[in-house]
Amino acid sequence: MSRRGFLQAGAGLLLAAGPPSSLLHAAGSNEYRIVAAPAHARLAGPDHAETGVWTYDGTVPGPLVRLRQGEPARLVVENRLTQETTVHWHGVRLPNAMDGVPGLTQPPIWSGESFVYEFTPPDAGTFWYHPHANSLEQLGRGLAGAMIVEERDPVAVDRDLLWLLADWRLRETGEIASGFGNRMEAAMSGRVGNTVTLNGHASEGEPVRAGERVRLRLINGSLARIMSLRFEGHKPVIVAIDGQPCEPYEPDGGRILFGPAMRIDVVLDMQGEPGRRYEVVDNFYDGLSYRLTQLAYDQQPPIREHPLDASLDLPRNPLSEPDLGTAERHDLTLQGGMMGGGMMAGTGGMMSGGLMQGMMGMGGGPAWAINGMSMTGDGHAGMAPALTFQRGRSVVLILRNQTAWWHPMHLHGHSMRMLSRNGTPVPHRQWQDTVLTAPKDVVEVAFVADNPGDWMLHCHVMDHQMTGMMTVLRVT
Ligand code: C2O
Ligand code: CU
């Protein structure tokens, strides 16, 4: 029997035994069928109003896709929305034709049609998937899911948890506020919402057990919200960023800072007291800090007296090391937006600054640019690449954020090694596919251009991408 035939037969047997399909997936299948369709969800909790959402398989977030490193996967996406869509498997170094950018790498999936994504994930780690068509609204209405590619030798923990965090702008009545693509917002922080959900609902507490060691996979699935998490009374150790293992380290002040689309894997030793609750707070925006959830300890005595002594080192993924001696160097200058601080940065009122930089964004034009060029929307056919690299070349990119706003910059199809920020070497030189730049930051990254094709590079604040902070890099 072929491998596929075997999988299907196995799935049939399990289905006959009656578990829901999510359990099938938990077993680690490499075959998925995912349906994009409208549904309803109770985001604020069981006794709050329902929200009309757009979903993968009827739930927010969508089904957890669990793949095995180095094994072929097949994901059929069926579109039952009333508009076209695509799926981008964010952070996975896959063949260009599977990257999900409409116009650039595939035709859109029209309403009623399907598309088959087939690739072999080279890297183990925490990834996610989301639409790359009408991205601001489709992600903002709920289309997102997590993808875990399993290591062959996982790190020793008691539990492996996933928190997919999403940010919604809800009205009192429960529905999603309209006004996607507001020009003023697009030229500022983007659409930051008013309700943050953890795996699809506002969380009062997440149950934990004293003494246990947990691997917690954090995904920032927001449209625009940057997060800075603190775990009261706990010391998270970062073990991977954007799916790529790093030297385990405790972040400064225990602060886990991550922008939209980024993933951080931490190991948490539950050193709190049985029966107590500990706050998990996001205080990125001045004056707008909120409690994301609590670590809610049960009454059981600690399962062990001292934290596990096992190594926190995850096996490294097969990334090529850039040769900094021979690397090409290129500047990518991020431009546009409102001047000054503004609304979400907490440095003044909404109109502080008040001036449009070069009038960008006024009159419906683009609000942002990279190296003076504004590519808007979700992706296009025939877009001239900003840079072209010979396959195998080492490349250093210097991201210069000349704006007054934060930008999480994402490159498709590659991971980038962090070299320096504002002239200071980055301590752990970790790999990332999304690099958060603060206002006026200059960040140097390096990678080997080893994946042929046309690849998007854009800000993952969706309003920024849609209004011009996007470009294409070509590897030939
Ligand atoms: Cu997660 Cu082009 O994006
Ligand atoms: Cu941006």
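**View 1. Donor residues of the copper ion (ligand 2) in the predicted model.** In sequence, the donors follow the spacing H-x51-C-x4-H. His407 lies in strand S24 (residues 407-411) and Cys459 in strand S30 (residues 453-459); this pair, 52 residues apart, links distant parts of the chain. The ion is coordinated by ND1 of His407, SG of Cys459 and ND1 of His464, at 2.0 to 2.1 Å. His407 has a relative accessible area of 0% and is therefore buried. Cys459 is also buried, with a relative accessible area of 0%.

**View 2. The largest nonpolar core.** This core has 87 residues. Those with the most contacts inside it are Trp163, Leu229, Phe231, Phe258, Leu295, Phe389 and Leu397. Strand S9 (residues 159-168) supplies the largest share of the core, 6 residues. In soluble globular proteins, nonpolar side chains tend to be buried together.

**View 3. Surroundings of Trp163.** Not counting residues up to four places away in sequence, Trp163 touches Leu198, Asn199, Glu206, Leu216, Arg217, Leu218, Ile219, Phe231, Val280, Leu292, Thr293 and Leu295. Phe231 and Leu295 are also among the residues with the most contacts inside the largest nonpolar core.

**View 4. Thr86 in the loop between two strands.** The loop that holds Thr86 runs between strand S4 (73-79) and strand S5 (87-90). Is Thr86 buried or exposed? Thr86 is buried, because its relative accessible area is 0%. Its side chain reaches two backbone atoms: the oxygen of Gly100 at 2.7 Å and the nitrogen of His132 at 3.2 Å. Leaving aside neighbours within four places in sequence, the residues in contact with Thr86 include Tyr56, Pro102, Gln106, Ile109, Tyr117, His130 and Ala133.

**View 5. An open sheet of 4 strands.** The strand order is S2-S1-S4-S6, and the pairing is mixed. Strand S2 (51-56) and strand S6 (114-119) stand at the edges; each has a single partner strand, so one side of each is left without a neighbour in the sheet. On average, and with direction ignored, neighbouring strands of this sheet are turned by 20 degrees against each other.

**View 6. The pairing of S4 with S6.** These strands run antiparallel and are joined by 6 bridges. Opposite Arg74 stands Glu118 in S6.

How values were computed
Residues are numbered from 1 along each chain as its sequence is written. Chains are lettered from A and ligands numbered from 1 in the order in which they are written. This is a predicted model: local features need pLDDT of at least 70, side-chain atom pairs count only at pLDDT 80 or more; totals for chains, interfaces and linings use all residues. Side-chain values use heavy atoms; hydrogens and water are left out. Donors are N, O and S atoms within 2.8 Å of the metal (3.2 Å for Na, K and Ca); water is not among the atoms, so sites may look incomplete. Buried means under 20% relative accessible area, exposed over 50%, partly exposed in between (1.4 Å probe, protein chains only). A nonpolar core is a set of buried Ala, Val, Leu, Ile, Met, Phe, Trp, Tyr and Cys residues joined through side-chain atoms within 4.5 Å. Contact means heavy atoms within 4.5 Å. A polar contact is a pair of N or O atoms within 3.5 Å; within protein, one must be able to donate a hydrogen and the other to accept it, and residues adjacent in sequence count only if both atoms are side-chain atoms. Two strands pair if DSSP finds at least two bridges between them. Axes are lines fitted to C-alpha atoms, for helices over the stretch in contact, and angles run from 0 to 180 degrees between N-to-C directions.
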